[in-house]
Amino acid sequence: MMNIIFTIVGTVVIATVAALGVWRWSDHRADAAEHARLLAFQPTAPALFDPAMVADLPEPARRYFAFSIAPDTPLYTVAVLTMTGQFSLGTKEAPNYLDMSATQTLAAPHGFLWKMRAGSGVMRLSGSDSGSWTRFWLLGLAPVARMGGNDDHRRAAFGRYAAEAVFWAPAALLPGAGISWEGVDENTARVTISAGDLEQAVDVTVDADGRPLMVQFMRWSDANPDKTHRLQPFGGDLSEFETFAGFTLPTRVAAGNHYGTDAYFPFFIAKVTDIAFPSQPGLQQSRAGRSAMAGRGHSRLIARSNRPPDCPET
């Protein structure tokens, strides 16, 4: 009798582990498919940046673009980032930060994919976040968070990647369909990004040179004591700028909910280690040269390729 019980229990355990493995494999396939979908939005023959493109924008917006994009830079709109940093699942009083590493594919207004791992030991988390889902696993074996597939998630995610375009994909915010700019004050401009039924306004504050120092907006979120989706402040501070293939971008970002209020604390602190602007699959592009841009930040040699990013194993 005991042999039969052990056999049944063993069979159930093996079947459960196999099912979880297939489930995890399915998540990886979805990540790869979303990365490929986003990469397909990269322009094949992008225009080169000309300051005349932004001549009619409010003065803070002109400063932002003049600082962020060097003249004659190919206007690639899809960026692939690698980053390290800290990620909090706690509160302002007890943030309990976890060390994290991640890759991100950013293709505003079409979507994003953030693939991460954080923590260590029994608190090792991994998974991905996108415009359609949030999926995290514990130890790569147990699903601990699976959200998305609804309008609340789509709207909240759109706010994230619209704002992150201000950080890391300024070419996606040049005047055109679905993009409008207005002045707020002498150092702040507001960009409104529209795509289908989604719309997000983001305020960017720049210094005298046009360096974006602060981004803030009203985000659709349930990160509040009521756990109810509503519009509430979100924002972040940008620093440590470096130049990547003609784009001068922040490599340190600290951001969080309730920005500008007493409840704010940065749950996301990222140090970007690389930014590339890959070609579409099947296309070849040359390596980008170093930019000699005095006063604009450290220049870095960036390879553009059709290879997918080396996402952390999750």
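A pocket, as the word is used here, is an open set of grid points with protein on both sides within 12 Å along at least five of seven lines. Keep that in mind as you open this predicted model, because the largest pocket, with a volume of about 1,400 Å³, is our first stop.

**Stop one: the pocket.** Select Ser-221, Asp-222, Ala-223, Asn-257 and Phe-267; of the 50 lining residues, these lie nearest the centre of the largest pocket. Next, colour helix H3, residues 151–168: this helix gives nine residues, the largest share of the lining. Now try colouring the lining by residue class. You will find 26 nonpolar residues, 15 polar ones and nine charged ones.

**Stop two: Met-123.** Move to the loop between strand S3 (111–118) and strand S4 (125–130), where Met-123 sits. Is Met-123 buried, exposed or partly exposed? Its relative accessible area is 43%, so Met-123 counts as partly exposed. Show its surroundings next: leaving aside neighbours within four places in sequence, Met-123 is in contact with Ala-118 and Leu-138. Then draw a distance from Met-123 to Leu-98, 25 residues apart along the chain; their C-alpha atoms are separated by 8.8 Å.

**Stop three: confidence.** Finally, colour by pLDDT. The protein averages 86, and 81% of the residues score at least 70. Select residues 281–299, where pLDDT stays under 50 and the model has 45 contacts beyond four places in sequence. Then pick residues 301–308, also below 50, with 30 contacts beyond near neighbours in sequence. Where pLDDT is low, predicted coordinates should not be read in detail.

Conventions:
Residues are numbered from 1 along each chain as its sequence is written. This is a predicted model: local features need pLDDT of at least 70, side-chain atom pairs count only at pLDDT 80 or more; totals for chains, interfaces and linings use all residues. Side-chain values use heavy atoms; hydrogens and water are left out. pLDDT is the predictor's confidence in each residue, from 0 to 100. Contact means heavy atoms within 4.5 Å. On a 1 Å grid over the protein atoms alone, a cavity is a set of points where a 1.4 Å probe fits but cannot get out, and a pocket is an open set with protein on both sides within 12 Å along at least five of seven lines; lining residues have an atom within 4 Å of a point. Grid points are joined across faces, edges and corners, and a volume is the space filled by probe spheres set on the points. Helices (H or I, at least four residues) and strands (E, at least two) are DSSP runs, numbered from the N terminus. Ala, Val, Leu, Ile, Met, Phe, Trp, Tyr, Cys and Pro count as nonpolar, Asp, Glu, Lys and Arg as charged, and the others, Gly among them, as polar. Buried means under 20% relative accessible area, exposed over 50%, partly exposed in between (1.4 Å probe, protein chains only).
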